[in-house]
Amino acid sequence: MTPLYRTGGILIAALVASATAPGTTRADDGAVQNQISVYTGSNAHGYLQPLANAFGAALNSSYSYSAYIPPTSLHISLEVPVMGVFFEDTDRTFTATTESNFNPTTEVPNAPTVVGPGDAVTVTGSGGSQFSCPGGLDLNSFGLAVPQLRVSSFMGTEGILRWVAYDQADSDLGKISLFGIGGRHSISQYFGDKPMFDLAVGVMYQTFKIGENDRGGDFTSTTAFSMQAQVSKNLPVGFMTLVPYGGLAWEKLDVDLSYEDDNGAPVDVALEGDNDMRFTVGAGLNFVAGQLFADYSFASTNNFSFGLALGNVGRPQ
């Protein structure tokens, strides 16, 4: 099996707005399906888990950068949040077990994960038989930028929409689609006309699909869900407003992958993101035409995000 060398492609570049390192090459989901076709069961889980964790950390972040929601009137902002994850050394390898009737069954303690080293790891068994653990993408980080639209306010409630659709018809990558919808409601509006801080709660649901397998179905199908409580404080700084904020969220991510093994048999793999709770701290700078923001989230898989919102996002008078 040919190792898959450093790339910003497949599942990650497939996000359309994914960040890639200078000098990297792209691969398509067909190449990745060929790489993982040697794996089934627990090996497939171990190989792909770091990517599922990164998906969850990124998708379930950056949909709120202030707990202030105007109580009335129309406010619209177009936003581009950038969400990122740095992979740790423990994400790069896992312990694989030989398959395909390899004898004797052998554990391979430093097999690459999908984000690990690009070189395959080969072990030799009885009669000179060999089993190769496929290489990874040799990635240090994961980046995702998704456009989102925010509309408020009806009785202190706002709606959030994320959407990306892309068809790379000239490659095996195929169609990519991301759709997210959510909403938030101001709790601090019930604290009086001028509360000491702003408090809001919200939910977000997203679906994300990439590519097509040999059976005509989705290569990957992801769903993400998050519930969050956020607090913030508006601090006037000249003609701008500094907005420190923090949040606590419960989240869930499910990834279903479907491909064929080396013998052409269908393989379905279900993964869950490691994150379930996250704590976020950040700050924004609200100006006349919008807001800049940046934050960091602490969870099983930590991640950072930053971005720009343009429009009449609203701020207390």
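Contact means that heavy atoms lie within 4.5 Å of each other. I started there, then looked at the protein as a whole. Among contacts with a separation of 6 or more, 62% are between residues 24 or more positions apart.

**Ground rules**

I noted that this is a predicted model, where local features need pLDDT of at least 70, side-chain atom pairs count only at pLDDT 80 or more, and totals for chains, interfaces and linings use all residues. Residues are numbered from 1 along each chain as its sequence is written, and side-chain values use heavy atoms, with hydrogens and water left out.

**Overview**

I looked up the secondary structure and got 3 helices and 17 strands. Helices (H or I, at least four residues) and strands (E, at least two) are DSSP runs, numbered from the N terminus. Of the 317 residues, 50% count as buried. Buried means under 20% relative accessible area, exposed over 50%, and partly exposed in between (1.4 Å probe, protein chains only). The accessible surface comes to about 14200 Å², and 59% of that belongs to carbon and sulfur atoms. Those areas come from the Shrake-Rupley method with a 1.4 Å probe; for residues, only the protein chains shown count as cover.

**The loop between S2 and S3**

I went to Thr98, in the loop between strand S2 (93-97) and strand S3 (107-112). Is Thr98 buried or exposed? Thr98 is buried, because its relative accessible area is 8%. Leaving aside neighbours within four places in sequence, I found Thr98 in contact with Pro104, Thr105, Thr106, Val108, Val123 and Phe131. A polar atom of the Thr98 side chain also lies 2.9 Å from the backbone nitrogen of Thr106.

Pro104 is in the loop between S2 and S3 too, and a cis peptide bond joins Asn103 to Pro104, with omega about -5°. Asn101 also lies in that loop. Its phi is positive, near 60°, in a residue other than glycine. Asn101 counts as exposed because its relative accessible area is 81%.

**Another cis bond**

I found a cis peptide bond between Ser152 and Ser153, with omega about 10°. Ser153 sits in the loop between strand S7 (148-152) and strand S8 (157-168).

Next I checked pairing: two strands pair if DSSP finds at least two bridges between them. How many bridges join S10 to S11? I got 14 between S10 (residues 198-212) and S11 (residues 218-232), which run antiparallel. Val201 stands opposite Ala229 in S11. The two strands form a hairpin with 5 residues between them, and Gly216 in the turn has a positive phi of about 85°.

S11 is also joined to S13 (residues 240-260) by 13 bridges, again antiparallel. Ala224 has Leu253 in S13 as its bridge partner.

**A cavity and Ser62**

Last, I looked for cavities: on a 1 Å grid over the protein atoms alone, a cavity is a set of points where a 1.4 Å probe fits but cannot get out, and lining residues have an atom within 4 Å of a point. The second largest cavity is lined by 13 residues, and Ser61, Ser62, Gln228, Thr280 and Asp295 lie nearest its centre. The elements giving two or more residues to this lining are S11, strand S15 (277-287) and strand S16 (290-298).

I followed up Ser62, which is in the loop between helix H3 (41-59) and strand S1 (75-86). Ser62 has a positive phi of about 65° although it is not a glycine. Ser62 is buried, since its relative accessible area is 6%.

Definitions and conventions: A polar contact is a pair of N or O atoms within 3.5 Å; within protein, one must be able to donate a hydrogen and the other to accept it, and residues adjacent in sequence count only if both atoms are side-chain atoms. On a 1 Å grid over the protein atoms alone, a cavity is a set of points where a 1.4 Å probe fits but cannot get out, and a pocket is an open set with protein on both sides within 12 Å along at least five of seven lines; lining residues have an atom within 4 Å of a point.
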